[in-house]
Number of protein chains: 2
Amino acid sequence: MNEILNDEIKRAKELLNNHINDKNNDELSGVDVADCLRVLKKNNEEEYFSYLSRLDVQSLVYSATDMPEHILKDLLTIIPNDKLVNVTKELESDEQLELLEHIQEIDEDKAKIIFDELDDNDKKDILKLSNYDDDEAGAYMQIELFKANLNDSIHQSIQNLKLLKESDEIEHIFKLFAVDEKGVLKYAIPLSDLVINDFSLKIKDVVKKNKEDKFKAIFAHDNDPIEDVVAKFHEFDLSVLPIVDSKGVLVGRITTDDIHEFIQESATEQIYNLVGVDDDAEYEDESIIKASKSRAFWLLINLFTAFLSSAIIGIFDQTIQTYVALAILMPIVASMGGNTGTQALTVTVRRLALGEIEFGDAKKVIKREIGISLVNGLFFALIVGIVSFIWFKTPLLGIVIAMAMLINLGFSGLFGTFIPLTLKKFNIDPAVGSSVLLTTATDIIGFFSFLGLATWILL
Amino acid sequence: MNEILNDEIKRAKELLNNHINDKNNDELSGVDVADCLRVLKKNNEEEYFSYLSRLDVQSLVYSATDMPEHILKDLLTIIPNDKLVNVTKELESDEQLELLEHIQEIDEDKAKIIFDELDDNDKKDILKLSNYDDDEAGAYMQIELFKANLNDSIHQSIQNLKLLKESDEIEHIFKLFAVDEKGVLKYAIPLSDLVINDFSLKIKDVVKKNKEDKFKAIFAHDNDPIEDVVAKFHEFDLSVLPIVDSKGVLVGRITTDDIHEFIQESATEQIYNLVGVDDDAEYEDESIIKASKSRAFWLLINLFTAFLSSAIIGIFDQTIQTYVALAILMPIVASMGGNTGTQALTVTVRRLALGEIEFGDAKKVIKREIGISLVNGLFFALIVGIVSFIWFKTPLLGIVIAMAMLINLGFSGLFGTFIPLTLKKFNIDPAVGSSVLLTTATDIIGFFSFLGLATWILL
């Protein structure tokens, strides 16, 4: 173990050394710099601080949004404010906002100082962006754009591109957005289609030269939900999507790397939420206590529902005392129902998230899922019934457990779809509460039908 | 319900009409065309065939890879082979391969006929691509490239771009890949950095004019696992990644839209696999029987392990007959252990998939997860112990269940991490088998420790 750890430290130091010795300090990405610092801090504070002071300000700021809070805190005490401001000025507007929000969590005054020192334009952009809700397209967009008027020549627009590039304020330029005099978005022309023309041509003539609608812009509104934006990227294989306001005026763009991050993070969130884990509490640097607390919340709800199941079993204590076989077999009914329901639930939650189904499809989806769970219900009722009959040599016990299985599995298909669809209908994230509600339902139905039928038929 | 259905049909027809009446037939994306056809086919075969014959061949072929098999089958009988070949020729090499593979599943001869009619170059490319394994970078790349020799002028390269564009064989051009005489990849220059220069400049001079390493190419090898490619896209915010062979020769490129699809699909696969659902069997068009069968496999394994748990309970039938309270309380121990373990398991599986941890981190990760589950184990042991004592007025019963909870939750943290890490070590997808193994372990340990301690202490 110590060997692995030593290797890790050695590797982090080697990477950082290469990065520091590299003339342009671009050997490592921001994520990598943050990772190396994290490894060092955990194992050798002294070396960590030495590297922190030797790294250039740009590399540190670029990795700041990938740092855990405690490292960012160290960084903020080491870098003088004026240097911090200078590097922040070079970032794109959405990155500036992300950085300021990250700093704000630690040191509100510092964030305010940096903000005040920025250019008026930057300030305006940041204020504009910070007004959007977290789930709106606007919150994900950059304001820096490569655009041109329809009457501009290609030559003029390429000159603008040159200025933009020199100011270092925009990366990943794939398309020119053509607007009219009012700034309304008209066309989106891939750079590769633009530069193969004579540069004296006007933008509007480039459009005319090509098939009608070839450069028709696919766009989203700034207030559109981000999920719709993701769907558009997917559907049209986009690299960049222009964002317009309610009047159609071009206000920003979302690039594909922002979408990647969103997809990965929301998939992680969904997977975690399904088992009652909060992704924010799971970073390695967060304390065990914080992670335990966040997970305990869901376990507590689960405990409550487990006691509920116990209470149901308690009703039938006489029956169990007479037929101990019931106590032996009852976990089978509950576990098979829970698993069948969880399958239906997971498929429904994921398909809702991917936009493949919505509440309007409820009847169709529920029918399909009940169908699937009844087919499996019949199959497993038969197996479990026969095995139980052979095991305990009681034919009626086999019939009782088979009936209970069929009832429980059928209902589990119903609840596995009905619960997430209903939560979604009321705008509650179906990934979060679903599985507790579901297992409560399947446990109660499972124990009640099995022990109830047994009391009725066997006693 | 019928109203919703009618609306759906009406909307599909409207969309298809607009698409057919549009001069360029590009109102709808391939996915949309496939969706509309699917809706029609399900509800009105006659209208479906009428639209199928009225749609242009290009739209149909472009939507072919998004179609369920039964619609593709109809399409293949309607479109004459020569038209099919012509449209296929326009596709990029990776799309050609995807289409041919999709057709091959239905009609092997037809796929062969189309393949034979393609240009020799296309054939060579397809054969090359189809030689890669599904999880290799090469399988995801396109062979069509915008590249130039270091000694070419910008003007020459833009002329090449024009030819490429006119041949309609490549979309999404973001970067020029500069190679030496042997075809070895040297630099990747964003189009936006290229075209702001004097066009008489040579590519190598563009590189020299800028900061050293500014255009250093980030690349992957054709045999690299696709997961590494995804990680690179994420880490460096890429739009395109050049792929080289073992000698460094540029052989293709992967664009961001391919990566999107991979991320979404692998997230879905992971979520489904965790509950024993096979994503391939879950498409709406697949029959209920197929979906039931695929889900039943996992339920069958779960049934087997449930019987195992029952057998364990069976050992203690005498104890249960004496203390029915044990039968009432035992689901609590099992359910809390299962849920605690599932949380640890899910976090570990997801972090493995995201590349945040690997087998080398095992000791660290296991320590952390056992820590979390012991903290929660202590907390819940206390609660459950007290409630059980009050409920059944037996102090020793409270102590027994508290001890069993602590043991089971502690082990659930261990197994929740150890199982996926070990599966990963042996190159088995940790999402697939983990949760069955885990709940088997937590059920057995839970029932055994609770009933065993009860027999030992209470009897």
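Modeller: Asn427(B) has a relative accessible area of 73% and is exposed. The cut-off for exposed is over 50%. Keep in mind that this is a predicted model.

Colleague: Where is Asn427(B) found?

Modeller: Asn427(B) sits in a loop of chain B, between helix H20 (395-425) and helix H21 (430-457).

Colleague: What is the phi of Asn427(B) near?

Modeller: General idea first. Most residues other than glycine have a negative phi. Now the case here. Asn427(B) is not a glycine, yet its phi is positive, near 60°.

Colleague: Let's turn to helix pairs. At what angle do helix H17 of chain A and helix H18 of chain B pack?

Modeller: Two packed helices are described by the angle between their axes and the distance between the axes. For H17(A) and H18(B), each spanning residues 324-353 of its chain, the angle is about 20° and the axes are 10 Å apart. The two are therefore roughly parallel to each other. Their crossing is right-handed.

Colleague: Which residues meet there?

Modeller: From H17(A), Ala327(A), Met330(A) and Pro331(A). From H18(B), Ala327(B), Met330(B) and Pro331(B). By class, the contact of H17(A) with H18(B) holds 6 nonpolar residues, no polar and no charged.

Colleague: What does Phe447(A) touch?

Modeller: Phe447(A) touches Met330(A) and Pro331(B), along with Ser309(A), Ile312(A), Ile313(A), Ala334(A) and Gly452(A), with neighbours up to four places away in sequence left out. Phe447(A) itself lies in helix H20 (residues 430-457) of chain A. Its relative accessibility is 3%, so Phe447(A) counts as buried. Its C-alpha is 9.0 Å from that of Asn408(A), a residue 39 places apart in sequence.

Colleague: Now a pair within one chain. At what angle do H7(B) and H9(B) cross?

Modeller: Helix H7 (residues 93-106) and helix H9 (residues 120-130) of chain B cross at roughly 70°, and their axes come within 9 Å. That makes H7(B) roughly perpendicular to H9(B). On the H7(B) side, the contact uses Ser93(B), Asp94(B), Gln96(B), Leu97(B) and Leu100(B). On the H9(B) side, Asp122(B), Asp125(B), Ile126(B), Leu129(B) and Ser130(B) take part. The residues of this contact of H7(B) with H9(B) divide into 4 nonpolar, 3 polar and 3 charged.

Colleague: How do the axes of H7(B) and H8(B) cross?

Modeller: At roughly 145°, and they come within 6 Å. Leu100(B), Ile103(B), Gln104(B) and Ile106(B) of H7(B) meet Glu108(B), Lys110(B), Ala111(B), Ile114(B) and Phe115(B) of H8(B). The contact of H7(B) with H8(B) has 6 nonpolar, 1 polar and 2 charged residues.

Colleague: Next, cores. How many residues has the largest nonpolar core?

Modeller: In soluble globular proteins, nonpolar side chains tend to be buried together. Here the largest nonpolar core has 111 residues. Those with the most contacts inside it are Leu37, Val229 and Ile254, in chain A and in chain B. Another core lies apart from it, with 76 residues, among them Leu303(A), Leu453(A), Ala306(B) and Ala402(B).

Colleague: Which residues does Ile254(B) touch?

Modeller: Leaving out residues up to four places away in sequence, the list includes Ala137(B), Tyr140(B), Met141(B), Val229(B), Phe233(B) and Ile259(B). Ser239(B) is also one of them.

Colleague: Which residues of H5(A) are buried?

Modeller: In helix H5 (residues 69-78) of chain A, they are Ile71(A), Leu72(A), Asp74(A), Leu75(A) and Leu76(A). The buried residues of H5(A) pack against helices of chain A, namely H2 (30-43), H3 (45-54), H4 (57-64), H6 (81-90), H7 (93-106) and H8 (108-117).

Colleague: Is Asp152(A) buried or exposed?

Modeller: The cut-off for buried is under 20%. Asp152(A) has a relative accessible area of 18%, so it is buried. Asp152(A) lies in the loop between strand S1 (147-149) and H10 of chain A. Beyond four places in sequence, Asp152(A) touches Leu201(A), Lys202(A) and Ile203(A).

Colleague: And which residues is Asn273(B) in contact with?

Modeller: Asp429(B), Ala431(B) and Val432(B), leaving aside neighbours within four places in sequence. Asn273(B) is in helix H15 (residues 256-274) of chain B. With a relative accessible area of 12%, Asn273(B) is buried.

Technical notes
Residues numbered from 1 in each chain as written. Chains lettered and ligands numbered in written order. Predicted model: local features only at pLDDT ≥ 70, side-chain atom pairs only at ≥ 80, totals over all residues. Heavy atoms only, no water. Axes fitted to C-alpha atoms, helices over the stretch in contact; angles between N-to-C directions. Helix = DSSP H or I, 4+ residues; strand = E, 2+ residues; numbered from the N terminus. Parallel < 35°, antiparallel > 145°, perpendicular 65-115°, else oblique. Left-handed = near helix turned anticlockwise from the far one by under 90°. Contact = heavy atoms within 4.5 Å. Nonpolar A, V, L, I, M, F, W, Y, C, P; charged D, E, K, R; others polar. Core = buried A, V, L, I, M, F, W, Y, C linked by side-chain atoms within 4.5 Å. Buried < 20%, exposed > 50% of the residue type's maximum accessible area, 1.4 Å probe, protein only.
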